[in-house]
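This report is written for a reader meeting the structure for the first time. Please look over the sequence and the model before reading on.

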Amino acid sequence: MKKLIDLILYGNYWIAICALAMVLQTQIFLGDPVQYSTLSVFIFSATFFLYAAHRIVGISRLSAFFDVDRYQVIARFKFHIFIYAAITGIASLYFFFYLSWSVQLALVVPGILSLGYVIPFLGNRKRLRDLNHIKIYLVAVVWAWVTVGLPAIHAEKMQTLPFLLMALERAFFIFAITLPFDIRDMVVDKHSGVKTIPSVIGLERTKQLGLISAVAFCGLVFANYCLGTYLISDLVALLISGVSTWYIIRISDQGKHDYFYSGLVDGTMLIQFLLVVLGRWVFGGF
């Protein structure tokens with residue numbers, strides 16, 4: 001069972017599934033059918049590729065932490081992850097050329113930022129994530145754009161207030177669930193000389209910032225409900241997601257097993273999607 005969980009989490013299947021769930025959730029809110037699309041397959045494969053590449057590049061810099069379980073797993077299966085990265089990289093490129101021109105154009109900036117986050121291109125072999133304070137904001141903005149902006153452009157519904165609120169809502173949610181990873185990585189980031197929010201403001205204030213982000217998320221959800229974007233079942237599902245996510249942030253601390261972070265914290269994206277689907281299924285929203 002542990003080997004299976006390690007494969008799903010560190011083989012990058014889990015994070016790619018979570019990205020796909022966020023895209024499908026946006027499609028539901030935009031009134032699009034939840035079905036196969038070139039965009040959803042592209043985002044799944046591109047997420048898989050980027051996180052696989054991130055692990056390959058990152059593990060080469062963390063030999064001092066090979067006694068940590070997750071790094072042992074990644075180092076042991078580095079060649080497998082490289083194969084996954086190659087396959088999904090080719091798949092991403094293939095599906096990219098089948099996207100509409102407007103979506104391709106909208107991918108230029110987040111694509112460059114994502115590659116810069118993973119691949120060293122700055123002086124002293126630095127990536128964007130190695131710059132002080134910047135990584136959590138990059139993650140929040142890029143994830144919001146990819147999982148809300150691209151589906152909205154694909155559906156030609158970008159120029160609306162609900163879209164803007166939904167994008168901000170997603171950014172606050174992703175920002176909130178990224179904070180526990182900064183807490184987890186405090187020792188590693190200190191070793192790398194990278195200043196993050198927890199290292200500057202401390203653990204408790206970081207958790208308080210998570211609460212503020214969760215409250216902002218819930219406020220934007222309610223605003224979109226008032227605008228008629230969300231059904232009552234969507235409102236309830238998203239508020240449950242916001243409250244439960246805050247609780248997870250509240251109990252996040254150094255010393256927890258990485259399954260808590262890579263499994264549960266990342267999994268809040270999939271949980272949110274499943275809550276929305278369950279609510280619409282029960283109350284006839286589909």
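## Basis of the description

This is a predicted model, in which local features need pLDDT of at least 70 and side-chain atom pairs count only at pLDDT 80 or more, while totals for chains, interfaces and linings use all residues. Residues are numbered from 1 along each chain as its sequence is written, and side-chain values use heavy atoms, with hydrogens and water left out.

## The chain as a whole

The chain contains 14 helices and zero strands, where helices (H or I, at least four residues) and strands (E, at least two) are DSSP runs numbered from the N terminus. Its radius of gyration is 18 Å, close to the 19 Å that the globule rule gives for 286 residues, so the chain is as compact as a globular protein of that length; the radius is taken over C-alpha atoms, and the rule is 2.2 Å times the number of residues to the power 0.38. Along its principal axes, the C-alpha trace spans about 50 × 45 × 40 Å.

Of the 286 residues, 50% count as buried, a term that means under 20% relative accessible area, with exposed meaning over 50% and partly exposed in between (1.4 Å probe, protein chains only). Among contacts (heavy atoms within 4.5 Å) with a separation of 6 or more, 74% are between residues 24 or more positions apart.

Helix α2 has 17 residues and reaches 25 Å from its first C-alpha to its last, close to the 24 Å expected at 1.5 Å a residue, the expected span being 1.5 Å times one less than the number of residues. The helix is mostly covered, as 13 of its 17 residues are buried, and α2 is followed by Gly 31, whose phi is positive, near 85°.

Met 22 lies in helix α2 and is buried, with a relative accessible area of 0%. Leaving aside neighbours within four places in sequence, Met 22 is in contact with Thr 147, Arg 170, Met 269 and Gln 272. Met 22 and Phe 273 are 251 residues apart in sequence, yet their C-alpha atoms are 6.6 Å apart in space.

## A nonpolar surface patch

Met 1, Leu 4, Leu 7, Ile 8, Tyr 13 and Ile 17 make a nonpolar surface patch of about 550 Å². Patch residues have over 30% relative accessible area and no salt bridge, with nonpolar side chains (Val, Leu, Ile, Met, Phe, Trp, Tyr) joined within 5 Å and like charges within 9 Å. Helix α1 gives the most to this patch, with three residues; Leu 4, found in α1, is partly exposed at a relative accessible area of 48%.

## Salt bridges

The structure holds eight salt bridges, each a side-chain nitrogen of Lys or Arg within 4 Å of a carboxyl oxygen of Asp or Glu. Lys 207 pairs with Glu 204, their closest N and O atoms being 3.9 Å apart, and both lie in helix α12, three residues apart, about one turn of the helix. Arg 250 also forms a salt bridge with Glu 204, at 2.9 Å between the closest N and O atoms. This pair links distant parts of the chain, with Arg 250 in helix α13 and Glu 204 in helix α12, 46 residues apart.

Asp 234 forms a salt bridge with Arg 280, their closest N and O atoms being 2.7 Å apart. Asp 234 lies in helix α13 and Arg 280 in helix α14, so the pair ties together parts that are 46 residues apart in sequence. Salt bridges that share partners join Glu 204, Lys 207, Arg 250 and Asp 253 into one network.

Terms used
Areas by Shrake-Rupley, 256 points an atom, 1.4 Å probe, with all protein chains shown as cover.
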